[in-house]
Structures are given as structure tokens and as C-alpha cells.
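Please keep the sequence and the model in view while reading.

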Amino acid sequence: MSADYQVHGNVAVITLNNPPVNGLGLETRSAAVEGVRRAEADDAVEAIVITGAGKAFSGGADIREFNSPKALTEPTLHSLIRVVENASKPVVAAIHSVCMGGGLELALGCNYRVALPGAQIALPEVKLGLLPGAGGTQRLPRVLGLEMALNMIVSGTPVQSEKLAGTALFDEVFPAGADLLDSALAFARKVAAVRPLPKVRDRTVDYPNHEAFLQFSRNTVKAMAGPFPAPLECIEAVAAAVTSKDFEAGLKFERERFLHLTQTPESKALRHAFFAERAAGKLPDVPADTPVRAIGSAAVIGAGTMGGGIAMNFANAGIPVTILETRQEALDKGLATIRKNYESSVKKGKLTADKLEQRMALIRTTLSYADIAQADIVIEAVFEDLKVKEAVFRELDKVMKPGAILASNTSTLDLDKIAAFTSRPQDVIGLHFFSPANVMKLLEIVRGKQTAKDVLATAMALSKKIKKTGVVSGVCDGFIGNRMLEQYLRQAFFLLDEGALPEQVDAAIEGFGFAMGPFRMSDLAGNDIGWYIRKRRAVEQPEIAYSKTADLLCEQGRFGQKTGAGWYDYKPGDRKAYPSEAVNAMIVQHSADLGLERRQIPDQEIVERLVFALVNEGAKILEEGIALRASDIDMVYLTGYGFPLHRGGPMFYADTVGLPNVLIAMEKYGRGRHGEAWKPADLIVKLAAEGKGFNG
Ligand code: NAI
């Protein structure tokens, strides 16, 4: 039973009860219908109140029912709303905390709605590439008016209930601290005898010159929606509420557009990302009830690019953090950068001046390990050099209190080697942040051979606390993200040798939807980082072929934006990338030196070679168990590398293309120059033969 039924005098109370947010799953819907029927059959009952137990009125559809036939099993949400709307006795929705999606659509089917202040009211379906499909687009404009309803439906953004007091959405918003049930019962008794029963469907949407407003909205939303069709479809559904001859015709139109959206690749990608994010934090051998270590204080070693950003994460979460450096000047510089970052948030209105000072007060600095010994977690972010890391970890092992978590932000070094510098490898973990660390959502949590389960569980809980998407990776060179990126960049550089120029490659992949192409990205991150890695690779794995173009660039000191020149030219104080004649001449010359005849490379080839290089390496990462699931790899690319959200991540995208088609393309490129890079991962061959995809 996932709704409770009780009678209080002459009022029946149906309490939705499906933790955590009373999602309207099949059992809850059935129990609610049953409750209404029972109340109608009971002569002593004169009115019905529907409310929600625990933390919500209702958060909407039960996400556990997504993609399952249960969502379409009677009573559907539509049927439940119809039963409520057609009840012979008045039905009052008593709303608190959260009333979203299907929950709000149910409330709109009730005759009356009362609420406590502070409840989040929203129709967030657009965020999953959908529109509210159970009458929301038809009923909300009838109570809020065209403009406000359109804003809420197109943005999906929650509005606090008290801000909607005085609209026809709420018959009453009770004062803060009121008892919702008592107040709702009193309200229900007051209206018990009122006939006819008021229904939202009987109202009309009046808006002078609505066509002009709708057209203006279409233009504005078209410019903002990018590749996503749902926001515009939301407008058309709301338009139907104004223009349809009758309510049922509007509902039918809404249904059609909803069903159409469920089939779009964009909505499928958004829903994939939604579930991928929830799955990412889960490890089969680390159950949800694994104890976590308390994190009340933190320390960061190194106040450089990464250290400062990492420290800000702790301060933002209210956790005191101490930064340790070798020199006072480095501390002063790091602290000044942190302050500058916060000041820029204040200027943008994202942070108050008070908060800035509170956060700065949480950040302390030191030159002495004794000052950090009591920290619950320490994150090392010193130079990417195993010798330097060794010295740091040996020192940490000496001074840190027992049970402290020792983390490294290394991007490429072997975490197990780092752990072996200590006498407590079980306490060592990789926490790989992305630059800028105070902004980027991704946190790769690197699990060493001996990392303890409670350390992993703590790291995952911490990632939530500091508002990151934590994805667990095994130990390998580059972990999930950078290991794949290397193959992507190798293709980007080969393309230059064969006939493309940086601006063409960037434009093609940005046209696919990447936030930034490989060359603009390398200029931002610093071309010297890749140079350093290639030099190391040349010693460790001389068999891997690389284009020399990027090395030639670095030999000229063109490290990117920080040196004012990289793959592109830059002007002082301007981050815009200008195609560089000198670099392009160098690229053309290099092709000639290699004896290669440059050819016109189609954009489709550029996109396929870059994206399928990610897919092939991703498949190997899955095979080796470095990533636990394909969707984890997608999360890494969506949150850390600017992969287009509407394509769902590289592995999901490969599934939409179809793995047999991916294989055909890989075979084609395998016949070209450096074809060995295209040897397909066994997993792709196997899944393609079985007619499966990475995501089942
Ligand atoms: P950075 O060069 O900006 O900063 C390193 C800081 O560590 C310097 O301030 C230096 O004074 C300090 N330092 C060096 N040795 C030290 C020691 N023994 N004790 C205390 N402080 C010491 O380097 P960055 O970019 O912040 O990188 C740090 C780590 O983060 C590296 O392992 C790097 O691979 C990793 N990383 C870097 C990313 C990036 O985009 N820059 C992204 C993700 C990880």
C-alpha cells in the first residue's frame, strides 16, 4: 500500500506514501484511486484531502518506473487525475515541501489546492527533454495565466509556493508554521457543500493579443534552446491551452507532442544522463550502508592552479581547509587568486561580500606539516613528478593522524606507486579534479589496489557534499578521461598532417556540439602538458605513433593562451582564438616533410575519427574494468570534457549510431594512415555481433 487512507470526521485524507518523494508509481496511483472510490462510497465523508507523507507532496513520476511498462499500466497518471477531477465530492490537494511534475498535475486535477509556504512548485519535464504530459500544459496556464505558466514550463525552474499566493493555483497559502493537515481539514469542511465543484479545466486563459506574445516566446526560446526540441514543443502545447476549441482537444495535442518527444534522441540522451548520474555513485562491492569517515577539516598540498581551486571547494562547503606550500610567496599568490575568484563571483552577483569573507576565513595557510596533521583529509596537488609526490607522501605518512585520508590529484601517475610510499595504502585514494577545480563538475575518484571501502564511500559522499559528480576509475595511465582524450588528440594531430587545419577541426567538432574543439582546448589547458606526456611516452611506449606537429609547436614556445600564442594567435586581454598563418604554414610544411599529399578532409570524417577514437578507448577501459559501466564513461565526458549533452556521452552516442556502423567506420579508417589505432576493442566486436549496445 503506498497511500494511506484515514477518515477525520467528515473528511477523508489520502496520504501518498512512497518514499523518498512520493513518486506516482503504479501502487501509489492504485491506492490513491482506491482512496477516492472509498471516500465517495462513504456517506459520512463530505470532502477529500490528498496530501503526501514525509518529505514531499509528490515529486512526480516514479523514476523507477521510467522505461518500464508499469508507467502505462492502469490506473495511469491520466486515469488517476480523471478520477480525482470527476469525483462527486470536493477534493483538496494539501501541498508542502515538493510538488513537481506529475505531482503538480495531480494537484491541478483537484478542485482546490492549499499549501504551506516554502514548497517547491515546478513542472521540470523539459529538463528531461519532455513536456508535462498529464495535463500540466493545459491546466497551469488556466490558473497562472499564459506568461507565468509558460515561463515555468519552458524553464522547468521551481517557484516557491508563497510567491504564487494570490494566483488561482492556490486557494490558500497558510502562514509559516501552520499545521498543514489541521488547516487543510478546516478548509475542506468550509468548502464541503459548495456546488458546482470548481474545476481548473472549466477556466479559460485570457491574454490580450496572445499570438504576438507566443510568437515573441518562440523567437526567444528558439535562440536559447540550442539543439533541444522540448522547449519549443512546450510553447506549442501551452499555445493549445489558449487556442484549442475545447479542453479535451488541448489534452490530446499535449499527449501527441509528449509521445513525440519521448522518442527524440535528445530526450533519450537527457534521460540517459539523468540515470547515469545516479548510477555513477554506486559501487557493487561498496554497499550504501558502508560507514564513512567524518570530514570536518581538510588540507591541500600545493597552492598552484589546482590546489587553490580544490581548497575553494572545501570552503564553499563550509569545511575549514589549510593549504601547505614550500614558500610563503606561493601561498600569498595562491590566496590572492582565490580571493580574486570570489571577488569575481561577488561582481557577478553570485556571492555576497559577507559570504566571501566567511569563505576566506575558512582557508588557512602554512609552511609546516605540523599544522595539517589533524586534518581528516589531505589532497596533494604538487607538481606532476613522482619524485616530488614521493617526498610529500612520505612526509604525510609520518605526520598525519591515524585514519586521515591521503588523496592525490595526480592526472597520470600510478596511484598504487604513490600509495606504496606510505605505510597505510588503504587510506590512499586519487581525487582527480578538473581545471578550474572550483567550477568543473567532474571528480574522478581513483580506486587503488588497496584503497579501503570506507575511504571510497567517504570520497563519494564528499563529492556530493562539494557538489561534484564523482565517478570511480581504476588505476591506469590517464584514468578514464585523459586516457580517452589521448586517443582523441592523436587523431586530431594526424588530421593536421593529412590536410586539415586547427580551425577546421575545431569548427567540425564544435558543430557536433562539443563546447570546445581540441585545439582551442589545448591552448586553454597549456600545450606543454601534452608535450611532457608525449616525451614520457616516447621512453615508456616507443611503439605508439604520434604526429610531431604538436611538438614542433611547443618547440616554438607556443604553449597556448598563457604564452599568448598556441595553435592560434591571441591578442592581449582577449581570449578569442585567431587562426595563425605561421602555425598553418608550419602544419603544411610538416605534411610536405612527411611526403604526405594534403587532402580536403570532410567534416564527417573529422567528427567520426575524434568521437570513435573516444569510443574505442572507452570500450577498452570497460573491458579492463577501469570503468564499471558505460554510463560512467559518459558522465566523465559530459561533466569534464564538454561532450554535447544532447548526444548523451560517447558510449551512448555510439549506441545511437549502432555498434555495427561504428565498426564499419573503424574498419575504413583502419585502412588509412596509422590504421593500427583503429583496431577495434574486443568488446565492440562482441556487442555488435550480439546485436547489443554498451548500455544494454
Ligand atoms: P602548479 O604548478 O600550478 O602548482 C603546483 C604547486 O605545488 C606550486 O604552487 C608549487 O609551489 C607547489 N609545490 C611543489 N612542490 C611542493 C611540495 N613539495 N610541497 C608543497 N607544495 C609544493 O600545478 P597544477 O596545475 O596545480 O597541478 C598540480 C597537480 O594537479 C599535478 O599532479 C597535476 O597533474 C594535477 N592536475 C592538473 C590539472 C591542470 O589542468 N592543471 C588538472 C588535473 C590535475
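Two strands are said to pair if DSSP finds at least two bridges between them. Helices (H or I, at least four residues) and strands (E, at least two) are DSSP runs, numbered from the N terminus. This is a predicted model, in which local features need pLDDT of at least 70 and side-chain atom pairs count only at pLDDT 80 or more, whereas totals for chains, interfaces and linings use all residues. Residues are numbered from 1 along each chain as its sequence is written, and side-chain values use heavy atoms, with hydrogens and water left out.

Eight strands form an open sheet with mixed pairing, in the order β12-β11-β10-β13-β14-β15-β16-β17. Its edge strands, β12 (363–366) and β17 (469–473), each pair on one side only. On average, neighbouring strands are turned by 25° against each other, direction ignored; axes are lines fitted to C-alpha atoms, for helices over the stretch in contact, and angles run from 0 to 180 degrees between N-to-C directions.

Within this sheet, β15 (residues 428–433) and β16 (residues 442–446) are antiparallel partners over four bridges. H432 has E444 in β16 as its bridge partner. Helix α12 (residues 328–347) packs on the sheet, where it touches β11 (321–324) and β12, and its direction makes about 165° with that of β12. Contact here means heavy atoms within 4.5 Å.

Elsewhere, helix α4 (residues 136–144) and helix α9 (residues 247–262) have axes that come within 8 Å and cross at roughly 130°. α4 is therefore oblique to α9, given that angles under 35 degrees count as roughly parallel, over 145 as roughly antiparallel, 65 to 115 as roughly perpendicular and the rest as oblique. G136, T137, Q138, R139 and R142 in α4 meet F247, G250, L251 and E254 in α9.
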